[in-house]
Amino acid sequence: MSNRFANPKTMPAPRGYTQVVETTGPGRTIYLSGQLGMTTGGAFAGAPGDFRAQAMQCFENLKAGLASVGAGFEHVVKVTNFFVDMSHLPVFFEVRDAFVNTQAPPASTAIQVGRLARDGALFEIEAVAVIPDRTSKAAVKRGSAKTAKKAAKKPAKKKRR
């Protein structure tokens, strides 16, 4: 399983995201539905209108969702961000950069919407993550990507008695 991050020279240079993310090999694809900046108690984080608090809570919620399937932000290949007000982008970048690998960030889309599912919501984020299977991860640690491909294709040997 491998991910390739590319920013083709034929596309405008992105700020804080990758234009193209390709995943190959065996693994699991995880789709995380839109997360609002709500705590487990059902209230929005921070004071009303506190974008930073809501954005931090959104990312914490994503982190918890990823952890529930044995993943982390290093597995995220795509995020879609919904803003009620795009003027919050600078704060969003600060918050996002505390969670993702800024050297190989996921592909990303930012959309301004008129309203989100809950009154008072300022931001929502959804994500797609790809988790390599255990056979491939172990093979990559031991050797090369070729070894991982062989391990994924080759059936397990039966032990002779």
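**Exercise 1. Find which residues have the most contacts inside the largest nonpolar core, and which elements supply this core.**

Solution. A nonpolar core is a set of buried Ala, Val, Leu, Ile, Met, Phe, Trp, Tyr and Cys residues joined through side-chain atoms within 4.5 Å. Buried means under 20% relative accessible area, with exposed over 50% and partly exposed in between (1.4 Å probe, protein chains only). This is a predicted model, in which local features need pLDDT of at least 70 and side-chain atom pairs count only at pLDDT 80 or more, while totals for chains, interfaces and linings use all residues. Residues are numbered from 1 along each chain as its sequence is written, and side-chain values use heavy atoms, leaving out hydrogens and water.

Step 1. The largest core holds 24 residues, and Phe-59, Phe-73 and Phe-123 have the most contacts inside it.

Step 2. Two or more residues each come from strand S3 (27-36), helix H1 (51-67), strand S4 (76-83), helix H2 (89-97) and strand S6 (123-132). Helices (H or I, at least four residues) and strands (E, at least two) are DSSP runs, numbered from the N terminus.

Step 3. H1 gives the largest share, 6 residues.

Step 4. Another core, of 5 residues, lies apart from this one and includes Leu-36, Met-38, Leu-116 and Ala-121.

**Exercise 2. Classify the ring pairs Phe-51 with Phe-83 and Phe-59 with Phe-73.**

Solution. Rings of Phe, Tyr and Trp (its six-membered ring) pair if their centres lie within 6.5 Å; planes under 30 degrees apart count as stacked, over 60 as edge-to-face and the rest as tilted.

Step 1. The whole structure contains 10 aromatic pairs. Phe-51 and Phe-83 are stacked, at 6.1 Å centre to centre with 20° between the planes.

Step 2. Phe-51 lies in helix H1 and Phe-83 in strand S4, so the pair ties together parts 32 residues apart in sequence.

Step 3. The ring centres of Phe-59 and Phe-73 are 6.1 Å apart and the planes stand at 35°, so this pair is tilted.
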